[in-house]
Number of protein chains: 2
Amino acid sequence: MTTENNKDREFELHSFFPYLVRDFYAEVTRAVQSAYRLDYDMSPAEWRCMAILGKDQTLAANEIVTLSSMGKVTVSRAVKRMQERDWLVASSNSDDGRSKMLSLTNAGVTTYLEIVPKVLEIENKLLANISEKQKKDFLDMIDKVKKNRNIHDL
Amino acid sequence: MTTENNKDREFELHSFFPYLVRDFYAEVTRAVQSAYRLDYDMSPAEWRCMAILGKDQTLAANEIVTLSSMGKVTVSRAVKRMQERDWLVASSNSDDGRSKMLSLTNAGVTTYLEIVPKVLEIENKLLANISEKQKKDFLDMIDKVKKNRNIHDL
DNA sequence: TGTTTTTAGTTTCAGTTGAAACTTCTTTCT
DNA sequence: AGAAAGAAGTTTCAACTGAAACTAAAAACA
């Protein structure tokens, strides 16, 4: 009674691949954020900008966008906030008047060097007792799925 | 000059496991959302509620929270919106005056049955040419990482 | 039974994010 | 050179989300 369409209601969210990926991502990201969110009052976007500038020293916002796979809006806001906190300076770009060259200040580098070991430790704990082969297979799978997404334009 | 701390700046975001997971998740979730976001004007939260009620027919909001790993706030809002669209009805729960029993309306079931094949097709495309073993290994890896997260309280 | 504690769900508030429109500067085209 | 097209960033707007406070009802307890 009342239920027509009673056939075929057999979709199982808990074995739906994208659901599992999302759930996994949520756990991993929460774990990593614990390294910097409260202690340094940073957003993931800020941490990622910092991580990229920590390694690549001086870049235009543009390049951070490319390297971080974040949107330019997100990068713009993260950069602004980091400037306000004196973790990042923008010097004018002689080649292009629209963009500034961005780099960490000494205070920014200091913070970066504090956070790096913390996030690496978390990564190590997450990956404890997982073989190199397993890790490689995992990353291979990710690549395959990404390729499939491209091939099928999803 | 100006750069002290020039040593040890060797953190590589692009091989940082949580970054790869996030990036992967972002791609997968975008692919799936394309099945319902524009065509049905639904949020992921609404789709997940629908998916759970589609299978389990009648549940309290509470149980949807557990089954969906979403927060109760998110579920509450998704349910409210689905009620407004007449995709979901709440009938009073004789056992507990605080909660209502939720189920899809016929219109809700119809929508559900339209969306299910679309998301399954997307899942199939994402997983094309990936062996069962690879999938299994991938899920095993996820479980291991989750266990590690628990063990180390991250 | 009456008080306290817990639980279900909602609302409010603040933070994050992306799309689209906009400004400024650069590049291209004629 | 001057106009048109494109690119770099920013701002505005709207949507999603979670934490905390709140309401209402149930369970625990004394």
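**How the two chains meet, and what each one holds**

Across the interface of chain A and chain B, eight salt bridges turn up. The model behind this count is a predicted one. One pairing to look at is Glu27(A) with Arg149(B): these two form a salt bridge, and their closest N and O atoms are 2.6 Å apart. Side chains of opposite charge can pair when their charged atoms come close.

Which helices of chain A each supply at least two residues to the side that touches chain B? They are helix H1 (17–33), helix H3 (44–56), helix H4 (61–68), helix H6 (106–126) and helix H7 (132–151). Of these, H1(A) gives the largest share of the side of chain A that touches chain B, namely 14 residues. Taken as a whole, the interface brings 69 residues of chain A into contact with 69 residues of chain B. Between the two chains about 7,000 Å² of area is buried, and carbon and sulfur atoms give 65% of that.

Next comes the symmetry. Chain A can be superposed on chain B by a rotation of 180°, with 0.0 Å of shift along the rotation axis and an RMSD of 0.0 Å. That is the relation of a two-fold axis. The two copies also use the same surface, since 99% of the contact residues of chain A recur in chain B. As for the axis itself, the residue of chain A that comes closest to it is Phe138(A), whose C-alpha is 2.9 Å away.

Inside chain A there is an open sheet of three strands, ordered S1-S3-S2 and paired in the antiparallel sense. Strand S1 (58–60) and strand S2 (88–92) of chain A stand at the edges with a single partner strand each, so one side of each has no neighbour in the sheet. From one strand to the next, the twist averages 35°. S1(A) pairs antiparallel with strand S3 (residues 100–104) of chain A over three bridges, and in this part of the sheet Thr58(A) stands opposite Ser103(A) in S3(A). Packed on the sheet is helix H5 (residues 72–84) of chain A, which touches S2 and S3 of chain A and makes about 105° with the direction of S2(A).

Now for chain B. What is the strand order of its open sheet? The three strands run S1-S3-S2, with antiparallel pairing. At the edges are strand S1 (58–60) and strand S2 (88–92) of chain B, each pairing on one side only. Neighbouring strands here are turned by 35° against each other on average, direction ignored. S2(B) and strand S3 (residues 100–104) of chain B run antiparallel and are joined by five bridges; Leu88(B), for instance, has Leu104(B) in S3(B) as its bridge partner.

Two helices of chain B also meet this sheet. Helix H3 (residues 44–56) of chain B packs on the sheet, touching S1, S2 and S3 of chain B, and its direction makes about 90° with that of S3(B). Helix H5 (residues 72–84) of chain B lies across S2 and S3 of chain B, at about 105° to S2(B).

Note on methods: Residues numbered from 1 in each chain as written. Chains lettered and ligands numbered in written order. Predicted model: local features only at pLDDT ≥ 70, side-chain atom pairs only at ≥ 80, totals over all residues. Heavy atoms only, no water. Pairing = 2+ DSSP bridges. Helix = DSSP H or I, 4+ residues; strand = E, 2+ residues; numbered from the N terminus. Axes fitted to C-alpha atoms, helices over the stretch in contact; angles between N-to-C directions. Contact = heavy atoms within 4.5 Å. Least-squares fit on C-alpha atoms with pLDDT ≥ 70 in both. Buried area = accessible area lost by both parts, 1.4 Å probe. Salt bridge = Lys/Arg side-chain N within 4 Å of Asp/Glu carboxyl O.
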